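Here are some notes from going through the model, in the order I'd look at things on screen. Have the structure open while you read.

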Amino acid sequence: MNACALDVVTQMRRLRHLHQVRGWSFDPVRSPDPPYELVELIYSFCHGQWLDVLRVRSDTDAQAGRFLTESMVGGGRPRACWLATGTLTDVLDGLDELPPPISRLAPRLLLPAIVR
């Protein structure tokens, strides 16, 4: 097996681990017209007030973020405290390094200072 094929197998195992072991939801997104081709994969995991989301279009086009859950409801502007974009491997590495939201090392939203 060549290095590229091995990398794809590794990425698929990591995605399966997110879904089956870590409990992330998985939603395939298909094109609206026949033949209804797979367009992207969406993975998500809710940590109470925080929502982690991973979007995969290809092995070279992936994005992930940690968002304030309430900002994702009702068509408002999503508020993120962490974002990653790049290859699937790079984004998965970033997710693996991301501390749980309750950790003191977890990224936080910066709130504007109160001006008196």
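1. A quick word on terms before the residues: buried here means under 20% relative accessible area, exposed means over 50%, and partly exposed is in between. Bear in mind, too, that this is a predicted model. With those cut-offs, Phe26 comes out as partly exposed, because its relative accessible area is 33%.

2. Let's start with the rings. How many aromatic pairs are there? The count comes to 2. One of them joins Trp24 and Phe45, which are stacked, with 6.2 Å from centre to centre and 25 degrees between the planes. Trp24 sits in the loop between helix 1 (3–20) and strand 1 (25–30), while Phe45 belongs to strand 2 (residues 38–47), so this pair ties together parts that are 21 residues apart in sequence. As for burial, Trp24 is buried at a relative accessible area of 3%, whereas Phe45 is partly exposed at 24%.

3. Phe26 from point 1 pairs with Tyr43, and here the rings are tilted: 5.1 Å centre to centre, with 45 degrees between the planes. Phe26 is in strand 1 and Tyr43 in strand 2, so the pair links parts 17 residues apart in sequence.

4. In soluble globular proteins, nonpolar side chains tend to be buried together. The largest nonpolar core in this model has 19 residues, and the members that touch the most others are Leu15, Leu54, Trp82, Leu92 and Leu95. At least two residues of this core come from each of helix 1, strand 2, strand 3 (50–58), strand 4 (61–68), strand 5 (80–86) and helix 2 (88–97). Which element gives the most to this core? That would be helix 2, with 4 residues.

5. Leu95 is worth a click. Setting aside neighbours within four places in sequence, Leu95 is in contact with Arg22, Trp24, Leu54, Ala64 and Trp82. Trp24 in that list is the buried tryptophan that stacks with Phe45.

6. On to the strands. Strand 3 is mostly covered, with 7 of its 9 residues buried. Strand 2 and strand 3 run antiparallel and are joined by 7 bridges; across this pairing, Phe45 stands opposite Asp52 of strand 3. The hairpin made by strand 2 and strand 3 has 2 residues between the strands, and Gly48 takes a positive phi near 70 degrees there.

7. Strand 3 also pairs with strand 4, again in the antiparallel sense, over 8 bridges. Leu51 faces Phe67 of strand 4 across this pairing, standing opposite the phenylalanine. The hairpin of strand 3 and strand 4 has 2 residues between the strands.

8. Last, have a look at Arg66, which lies in strand 4. Is Arg66 buried or exposed? Arg66 is buried, because its relative accessible area is 2% and the cut-off for buried is under 20%. What does the side chain of Arg66 make a polar contact with? Its partner is the side chain of Asp52, at 2.7 Å, and Asp52 is the residue opposite Phe45. The backbone oxygen of Pro99 also lies 2.8 Å from a polar atom of the Arg66 side chain.

Terms used:
Residues numbered from 1 in each chain as written. Predicted model: local features only at pLDDT ≥ 70, side-chain atom pairs only at ≥ 80, totals over all residues. Heavy atoms only, no water. Phe/Tyr/Trp six-rings, centres within 6.5 Å; stacked < 30°, edge-to-face > 60°. Buried < 20%, exposed > 50% of the residue type's maximum accessible area, 1.4 Å probe, protein only. Core = buried A, V, L, I, M, F, W, Y, C linked by side-chain atoms within 4.5 Å. Contact = heavy atoms within 4.5 Å. Pairing = 2+ DSSP bridges. Polar contact = N/O pair within 3.5 Å; in protein donor to acceptor, adjacent residues only side chain to side chain.
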